[in-house]
Amino acid sequence: MLWYKAWRESRTRFAIIASALAGFCLFAVLLHHQIQSGVTNPIRSLRGNSYSEHIDRLIYSGTAKGMFALLTIFLGLGGLLREKRHRTASFTLALPVSRLRILVTQMAVGIVELAILSLLPALLIPSSSLLVHQYYPLAEALHFSILWFCCGSGIFAAAFLLSVLLGGEYTAPVACYVALMLEVLISNWPSLRPYRLNLMWTMGEFGTMHWNPEHNLLLAGPLPWPRLLTIMAIALCMLALAARITQKQDY
């Protein structure tokens, strides 16, 4: 029952995010020729010299990456404080389960949805590329899915924690957006840039992309596992803090 309840509360947000992300991926693939020739897109900087570069610039290092990061904020909205604003907290708390179990269920459903969204481009791009007689390797797409999931878990956890801490319908997503922008700006300081703390850089493999020997396929470098595991550890700490705060809050 808790799993179904958590799914019902988040399914509309999940469906909107998945539709937007899938729509843009299909747009980038099916209209790649028009985009590259500048017919449907006047922004010349988005045009790649090869199909893989085109996908990298629009999906994995460009618009779709930013879309995924920002929309993940809304996926992370949860907690009992939000239910209090919608006057459903009393019903939820009346269920014969602990607050911790309620919150963990919400977190788990959100993480599963995040994993599906991270895999969505990997499912769509290699397969739909065949429809336009192009090729994009599945292994490369799955590489970015791992990056998106690990970095997205940090954004999801931050949004969840802020929705537990802050009242108001839009306070938590706005605060999380500001925090994400500050993280990008601060990590871009010259003294911090060598440590590659920027989540958006990590998601897009900034500075590590290279061409294959035939110079027709843009490839990512090895996965930065120490950095990814650190991000996920921080995300876990934020979710644990959210659970601890929820147990002490008065509804």
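This is a predicted model: local features need pLDDT of at least 70, side-chain atom pairs count only at pLDDT 80 or more; totals for chains, interfaces and linings use all residues.
Colleague: Why is H215 called exposed?

Modeller: Its relative accessibility is 53%, and the word exposed is used over 50%, so H215 counts as exposed.

Colleague: How do you know whether H133 is buried or exposed?

Modeller: The relative accessible area of H133 is 73%, and exposed begins over 50%, so H133 is exposed.

Colleague: What makes H32 count as buried or exposed?

Modeller: H32, whose place is in helix α2 (residues 32-37), has a relative accessible area of 7%. Buried means under 20%, so H32 is buried. Leaving aside its neighbours within four places in sequence, H32 is in contact with F27, Y51, H54, V132 and Q134.

Colleague: Why is helix α3 described as mostly covered?

Modeller: Helix α3 spans residues 51-60, and nine of its 10 residues are buried, each of them having a relative accessible area under 20%. The buried residues are Y51, S52, E53, H54, I55, D56, L58, I59 and Y60.

Colleague: How do you know how α3 and α7 are oriented to each other?

Modeller: The axes of α3 and helix α7 (residues 99-129) come within 13 Å and cross at roughly 150°. Angles over 145 degrees count as roughly antiparallel, and α3 and α7 are therefore roughly antiparallel to each other. The crossing of α3 past α7 is right-handed.

Colleague: Which residues bring α3 and α7 into contact?

Modeller: From α3 they are Y51, I55, I59 and Y60, and from α7 they are P121, A122, I125 and S129. Sorted by class, this contact has seven nonpolar residues, one polar residue and no charged residues.

Colleague: What makes α1 and α7 parallel or antiparallel?

Modeller: The axes of helix α1 (residues 2-30) and α7 come within 9 Å and cross at roughly 20°. Angles under 35 degrees count as roughly parallel, so α1 is roughly parallel to α7. The contact of α1 with α7 has 22 nonpolar, five polar and three charged residues, and the crossing of α1 and α7 is right-handed.

Colleague: Why are α1 and α4 called roughly antiparallel?

Modeller: Helix α4 (residues 63-75) packs with α1 at an angle of about 180°, their axes being 10 Å apart. An angle over 145 degrees is enough for the term, and α1 and α4 are therefore roughly antiparallel. On the α1 side the contact is made by R13, F14, I17, A20, L21 and F24, and on the α4 side by T63, A64, M67, F68, L71, F74 and L75. These residues divide into 11 nonpolar, one polar and one charged.

Colleague: How do you know whether L21 is buried or exposed?

Modeller: L21, which has its place in helix α1, has a relative accessible area of 1%; buried means under 20%, so L21 is buried. Not counting residues up to four places away in sequence, L21 touches A64, M67, F68, L117, L120, P121 and W148. The C-alpha atoms of L21 and P121 are separated by 7.9 Å, although these two residues are 100 residues apart along the chain.

Colleague: How many disulfides are there in the whole structure, and what is the nearest cysteine sulfur to C150?

Modeller: A search of the whole structure finds zero disulfides. The nearest cysteine sulfur to C150 is that of C151, at 6.7 Å, whereas a disulfide needs a pair of sulfur atoms within 2.5 Å, so C150 is in no disulfide. For C237, which is also in no disulfide, the nearest cysteine sulfur is that of C150, 15 Å away.

Colleague: What makes C150 and C237 buried or exposed?

Modeller: C150 has a relative accessibility of 2%, which is under the 20% that limits buried, so C150 counts as buried. C237 has 54%, which is over the 50% for exposed, so C237 counts as exposed.

Definitions and conventions
Residues are numbered from 1 along each chain as its sequence is written. Side-chain values use heavy atoms; hydrogens and water are left out. Buried means under 20% relative accessible area, exposed over 50%, partly exposed in between (1.4 Å probe, protein chains only). Helices (H or I, at least four residues) and strands (E, at least two) are DSSP runs, numbered from the N terminus. Axes are lines fitted to C-alpha atoms, for helices over the stretch in contact, and angles run from 0 to 180 degrees between N-to-C directions. Angles under 35 degrees count as roughly parallel, over 145 as roughly antiparallel, 65 to 115 as roughly perpendicular and the rest as oblique. A crossing is left-handed if the near helix is turned anticlockwise from the far one by less than a right angle, and right-handed if clockwise. Contact means heavy atoms within 4.5 Å. Ala, Val, Leu, Ile, Met, Phe, Trp, Tyr, Cys and Pro count as nonpolar, Asp, Glu, Lys and Arg as charged, and the others, Gly among them, as polar.
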